[in-house]
Amino acid sequence: MSASNDAVRRQGVRRAVCPGSFDPITNGHLDIIERASSLYDVVHVAVAINKSKRGLFSVEERISMIEEVTAALGNVVVESHHGLLVDFCRERGIPAIVKGLRAVSDFDYELQMAQMNHGLSGVETLFVPTSPTWSFLSSSLVKEVAAYGGDVSHLVPELVYSRLTARIAEQR
Ligand code: PNS
């Protein structure tokens, strides 16, 4: 850990990161961010830049939606990142990754990533069981259902719903 990260830790600010693609943020993501926000002083939301995968929304659009729907929490910082998540954590003095687990099927891959990240840098991963209300939910499914005209208004925040339906209409 660098000297500046030591300084951040010494200030006693407890930080965690919620990473993901967030294309777009869903109520399931928001549930996990809200719960992390109640446990930590500062929650960093890291929006992954994946150059090989074109999203429905640009990274800037995703960040803006997340900022708007988390503004009331008061301790959420939203940033993009590319490269290794552990480097994002190291640069900001973040010792913990918070991830939602929707079902046992999520666990295999999440465990591999948690062990890899811990082995690379000592960063811990904390798993939060997703609320059963959102256990079937993913951004991919929301986009698919919305693209075929299904109602997803109860699955994403209101502003995300309006931007999602507008984007799908533009693409028709
Ligand atoms: O929402 P997603 O697409 O399931 O999020 C996956 C994400 C972005 C959290 C994961 O792929 C990630 O952490 N990527 C950053 C690159 C990295 O650190 N890879 C090694 C993981 S062990």
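Reader: Which residues of H3 are buried?

Author: Buried denotes under 20% relative accessible area, exposed over 50%, and partly exposed in between, with a 1.4 Å probe and protein chains only. In H3, the buried residues are Val59, Arg62, Ile63, Met65, Ile66, Val69 and Thr70. This is a predicted model, in which local features need pLDDT of at least 70 and side-chain atom pairs count only at pLDDT 80 or more, while totals for chains, interfaces and linings use all residues. Residues are numbered from 1 along each chain as its sequence is written, and side-chain values use heavy atoms, leaving out hydrogens and water.

Reader: Where do the buried residues of H3 fall, seen down its axis?

Author: The arc is that of the directions from the helix axis to the C-beta atoms. The buried residues of H3 fall within an arc of 165°, so they line one face of the helix.

Reader: Against which elements do these residues pack?

Author: Contact means heavy atoms within 4.5 Å; helices (H or I, at least four residues) and strands (E, at least two) are DSSP runs, numbered from the N terminus. The buried residues of H3 pack against helix H2 (27-39), strand S2 (42-48), strand S3 (76-81) and helix H7 (158-171).

Reader: Why is the pair of Phe107 and Phe127 edge-to-face?

Author: Rings of Phe, Tyr and Trp (its six-membered ring) pair if their centres lie within 6.5 Å; planes under 30 degrees apart count as stacked, over 60 as edge-to-face and the rest as tilted. A search of the whole structure finds one aromatic pair. The ring centres of Phe107 and Phe127 are 6.0 Å apart and the planes lie at 65°, so the pair is edge-to-face. Phe107 belongs to helix H5 (residues 104-121) and Phe127 to strand S5 (residues 124-129).
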